[in-house]
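Dear colleague,

Please find below the structure that I am handing over to you. My notes on what was found in it follow directly after.

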Amino acid sequence: MYSEIQRERADIGGLMARPEYREWNPELIKPKKLLNPVKASRSHQELHRELLMNHRSSPHPRGLGVDSKPELQRVLEHRRRNQIIKKKMEELEAKRLQCPFEQELLRRQQRLNQLEKPPEKEEDRAPEFIKVRENLRRITTLTSEERVL
């Protein structure tokens, strides 16, 4: 079996031109290396370049660490974290600046607002589709009364 494979290779070798024959005969067409369309694409090159840069800049010995994230995601998380911290600091500062007298005034004001606010009707708590259905009933009864007149 091995001898058959060797014979086939010998037959194929006789058909292919050896490199020294290409240089010797100028009439032969020299083959050009074909470009891989995937590797030649600009997006592939940019992706490859980004991966290489991430690999080089990573402190992890095998390249990208488990916890590494894209730059945009890191920036957005950093902004969110800063906004939350800033908001908490403002709330704490606002509480510190208020003296006990102002705090008591605010509590009383909130209590008065709750007492002045009229209690909500049960209809207001009903889902919207029920309200729409009732409005449709009113409209149909009004149009039927107009027809009668």
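Of the 149 residues of the protein, 2% count as buried, where buried means under 20% relative accessible area, exposed over 50%, and partly exposed in between (1.4 Å probe, protein chains only). The protein exposes about 15,700 Å², of which carbon and sulfur atoms supply 57%; accessible areas come from the Shrake-Rupley method with a 1.4 Å probe, and for residues only the protein chains shown count as cover.

Please note that this is a predicted model, in which local features need pLDDT of at least 70 and side-chain atom pairs count only at pLDDT 80 or more, while totals for chains, interfaces and linings use all residues. Residues are numbered from 1 along each chain as its sequence is written, and side-chain values use heavy atoms, with hydrogens and water left out.

On confidence, pLDDT is the predictor's confidence in each residue, from 0 to 100. The protein averages a pLDDT of 77, and 68% of the residues score at least 70. Confidence is lowest in helix α1 (residues 2-15), with a mean of 53, and highest in α5, at 90.

As to the fold, the protein has 8 helices and 0 strands; helices (H or I, at least four residues) and strands (E, at least two) are DSSP runs, numbered from the N terminus. The order of elements from the N terminus on is α-α-α-α-α-α-α-α.

Turning to charged pairs, side chains of opposite charge can pair when their charged atoms come close. A salt bridge is here a side-chain nitrogen of Lys or Arg within 4 Å of a carboxyl oxygen of Asp or Glu, and by this rule the count comes to 3 salt bridges.

One of them links Glu 46 to Arg 42, with the closest N and O atoms 3.8 Å apart. Both residues belong to helix α4 (residues 42-57), where they are 4 residues apart, about one turn of the helix. Glu 46 is partly exposed, at 41% relative accessibility, whereas Arg 42 is exposed, at 62%.

Helix α6 (residues 100-116) holds Glu 104 and Arg 107, 3 residues apart, about one turn of the helix. These two form a salt bridge whose closest N and O atoms are 3.0 Å apart. Glu 104 is partly exposed, with a relative accessible area of 29%, and Arg 107 also counts as partly exposed, at 44%. Glu 104 meets Arg 108 in a salt bridge as well (3.6 Å, N to O); both lie in helix α6, 4 residues apart, about one turn of the helix. Through shared partners, the salt bridges join Glu 104, Arg 107 and Arg 108 into one network.

Lastly, Ile 85, Met 89 and Leu 92 make a nonpolar surface patch of about 290 Å². Patches are made of residues with over 30% relative accessible area and no salt bridge, with like charges joined within 9 Å and nonpolar side chains (Val, Leu, Ile, Met, Phe, Trp, Tyr) within 5 Å. Ile 85 is placed in helix α5 (residues 71-97) and is partly exposed, at 47% relative accessibility.

With kind regards
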